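Biologist: Please show the sequence and the structure, and then let us examine the geometry in turn.

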Amino acid sequence: MRLITAIVKPFKLEDVKDALKEAGATGMTITEVKGFGRQGGHTELYRGAEYTIDFLPKVRMEVLADTADVDRIVDVIVNAARTGKIGDGKVWVTSVERVVRIRTGELDDDAI
Amino acid sequence: MPLAAELPPGLELDSGNTAWVLMAAALVLFMTPGLAFFYGGMVRSKNLLGMLMQNFFAMGLLGVLWVLVAFSLAFGAFGDGGFIGNLDFVGFKDVVTSTVTLGDPDGLFLSLSIPFVLFAAYQMTFAIITPALITGSTADRLKFSAYVVFIAVWLVLVYAPVAHWVFAGGWLAERGSFDFAGGAVVHINAGAAGLALALLLGRRKGWPETPMPPHSLPLTLLGTGMLWFGWAGFNAGSALAADGIAAQALFNTFIAASAAMLGWLLVERIKDGHATTLGAASGAVAGLVAITPCAGFVGGLSPIIIGFVAGALCFLALGIKRRFKFDDSLDVVAVHLVGGLFGSIALGLFAEDAINPAIPDGMLLGGGSDLFVEQVIAAVAVLAFSLVMSLAIGKVIDLVIGLRVSDEDETVGLDLSQHAEQAYNVG
């Protein structure tokens with residue numbers, strides 16, 4: 001089992017969600033987050049005072065998947081989230097030791 | 001002063017004038033919530049209720065104090081050329097529902113055609129918003145209890161005397177200076193007090209290194225609209241009549257705000273590269289401030305010139321606090337003190353006898369320099385008095401109960417630490 005975590009541009013969230021549903025994903029969790037990478041921040045201007053805002057808003061999405069499905073799901077996310085401009089985000093995959101579905105008590109692959 | 005029973009013949013209540021000033025009083029009162037939102041949008045969200053509360057609370061405390069003592073200290077002994085009123089109207093004693101004359105028929109004299117109690121109520125709305133203007137410079141760190149004591153003492157010891165000097169035939173009026181609706185009494189006065197408190201309080205934690213952007217510019221724009229609307233009552237109501245002077249004041253008020261928005265945005269766009277919504281709002285308010293002393297005394301293109309210059313000038317005045325490193329958080333000095341000084345002094349240039357026979361022509365209309373000099377004297381006198389008195393009052397309060405919230409309370413925010421509430425509870 002793997003956990004796929006992706007940081008994407010907020011306006012791409014709908015596209016990625018639809019693409020994942022089409023690809024058969026059965027669930028996902030999202031969080032509104034802030035951060036910076038190569039894109040850096042932006043400047044804001046209030047009454048002549050210029051502020052540099054380092055952290056930009058992004059969406060973090062987390063998807064649990066069977067190991068066999070991981071490559072396909074990562075491809076779906078990358079294709080749906082890409083604009084080609086700086087700041088598109090990242091996707092990474094980590095191993096998961098144990099998953100439990102709370103309602104039924106099913107374990108691991110059965111719980112995904 | 002003569003009361004209703006001994007009125008001179010012919011002094012009658014005018015229903016048109018009364019109707020307009022009734023409306024104008026309501027309009028001016030509406031400006032204080034407007035100011036609350038104008039400022040409230042500019043603070044960080046954890047301090048929004050603190051800002052709204054300070055402004056709304058002024059409508060509570062200062063209204064009551066006005067009736068009890070402050071109105072009498074401002075408008076008693078009308079026309080005496082002095083420094084403060086008397087105790088004739090304490091507790092609104094003899095503040096009657098009929099018309100009165102105030103002052104000395106041979107000197108400075110006010111003959112009302114509206115109920116005296118309406119005049120007192122109209123002036124009350126000015127006494128409420130003036131101390132509230134100060135809250136912009138003290139944002140995010142003034143203790144609520146210290147604020148309550150400060151505005152109460154300031155109303156009695158600063159606002160009432162200055163109103164007497166200018167609006168009630170006191171020494172500045174007797175010398176020959178003019179202030180149609182409060183350029184000196186309201187804006188220079190509050191601006192100087194704001195400067196004093198900003199100096200006493202010190203900077204907000206983290207200023208200026210840490211960005212403290214406005215949490216909601218829509219609130220600020222909403223407040224600006226309320227102020228702009230209410231300012232019609234502030235300036236045109238100061239004619240105390242529904243006449244041509246009131247109409248001229250209304251027009252001047254609106255057009256000066258328009259021109260000031262253009263002036264501010266033009267300089268902002270050239271200097272910083274963008275025209276901002278906060279700039280549009282601030283520019284309009286700067287124009288409203290600057291036209292206040294001139295509103296019923298100027299005509300023609302003067303309001304456009306006064307407004308446009310005020311907008312550009314107040315934008316440039318934002319640099320003062322950065323240069324001298326004092327944290328006038330929401331720019332009370334740049335907008336109200338500088339705007340008020342400019343408007344008060346500009347009256348000495350643009351005043352027009354043909355618009356209002358009460359005033360001589362200003363320098364640009366060939367009237368000589370006498371008026372200009374008096375305007376400068378009045379502006380400097382109010383600035384100096386308010387600054388010194390506000391420093392003294394603030395310092396005493398600081399020594400006795402402390403002006404500033406604790407470090408922890410400042411970090412938590414005024415909403416929770418001062419009022420045990422939050423502006424935005426999510427979910």
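Biologist: On what conventions does the discussion rest?

Modeller: This is a predicted model, in which local features need pLDDT of at least 70, side-chain atom pairs count only at pLDDT 80 or more, and totals for chains, interfaces and linings use all residues. Residues are numbered from 1 along each chain as its sequence is written, chains are lettered from A and ligands numbered from 1 in the order in which they are written, and side-chain values use heavy atoms, with hydrogens and water left out.

Biologist: In what order do the 4 strands of the open sheet in chain A lie?

Modeller: Strands are DSSP runs of E with at least two residues, helices are runs of H or I with at least four residues, and both are numbered from the N terminus. Two strands pair if DSSP finds at least two bridges between them. The edge strands, each pairing on one side only, are β2 (29-35) and β6 (89-95) of chain A. The pairing is antiparallel and the order is β2-β5-β1-β6.

Biologist: By how many degrees are neighbouring strands of this sheet turned against each other on average?

Modeller: Axes are lines fitted to C-alpha atoms, for helices over the stretch in contact, and angles run from 0 to 180 degrees between N-to-C directions. For neighbouring strands of this sheet the direction is ignored, and the average turn is 20°.

Biologist: Which residue stands opposite A:R2 in β5(A)?

Modeller: Strand β1 (residues 2-8) and strand β5 (residues 56-65) of chain A pair in the antiparallel sense over 7 bridges. Within β5(A), the residue opposite A:R2 is A:A65.

Biologist: Which residue takes a positive phi in the hairpin of β3(A) and β4(A)?

Modeller: Strands β3 (residues 42-46) and β4 (residues 49-53) of chain A pair in the antiparallel sense over 5 bridges, and A:H42 stands opposite A:I53 in β4(A). The hairpin has 2 residues between the strands, and the positive phi, near 45°, belongs to A:R47.

Biologist: Which residue has a positive phi of about 50° although it is not a glycine?

Modeller: The residue lies in the segment after β6 of chain A. The residue with this phi of about 50° is A:D108.

Biologist: Which peptide bond is cis?

Modeller: The proline concerned is found in the loop between α6 (183-201) and α7 (217-236) of chain B. With omega near 5°, the cis bond runs from B:W207 to B:P208.

Biologist: Are α1(B) and α2(B) roughly parallel or roughly antiparallel to each other?

Modeller: The axes of helix α1 (residues 15-40) and helix α2 (residues 48-75) of chain B come within 9 Å and cross at roughly 165°. The crossing is right-handed, a term used if the near helix is turned clockwise from the far one by less than a right angle, anticlockwise being left-handed. Angles under 35 degrees count as roughly parallel, over 145 as roughly antiparallel, 65 to 115 as roughly perpendicular and the rest as oblique. The two helices are therefore roughly antiparallel.

Biologist: How far apart are the axes of α12(B) and α13(B)?

Modeller: α12(B) passes α13(B) in a right-handed crossing. The helices pack at an angle of about 160°, and their axes are 7 Å apart. That angle makes α12(B) roughly antiparallel to α13(B), and the distance asked for is 7 Å.

Biologist: Which helix gives the most to the lining of the largest cavity?

Modeller: On a 1 Å grid over the protein atoms alone, a cavity is a set of points where a 1.4 Å probe fits but cannot get out, a pocket is an open set with protein on both sides within 12 Å along at least five of seven lines, and lining residues have an atom within 4 Å of a point. The search finds 2 cavities of 30 Å³ or more, and about 50 Å³ lies in the largest; points are joined across faces, edges and corners, and a volume is the space filled by probe spheres set on the points. The lining includes B:F178, B:D179 and B:Q375. With 3 residues, the helix that gives the most is α13 (residues 370-400) of chain B.

Biologist: How many charged residues are in the lining of the second largest cavity?

Modeller: This cavity has a volume of about 30 Å³, and α11 (319-324) and α12 (332-350) of chain B each supply at least two lining residues. Ala, Val, Leu, Ile, Met, Phe, Trp, Tyr, Cys and Pro count as nonpolar, Asp, Glu, Lys and Arg as charged, and the others, Gly among them, as polar. The lining has 6 nonpolar and no polar residues, and the charged residues number 3.

Biologist: Which element supplies the largest share of the lining of the largest pocket?

Modeller: About 920 Å³ of space lies in this pocket, and among its 31 lining residues B:F109, B:L110, B:F167, B:S238 and B:L240 lie nearest its centre. By class the lining has 21 nonpolar, 8 polar and 2 charged residues. The largest share, 4 residues, comes from α3(B).
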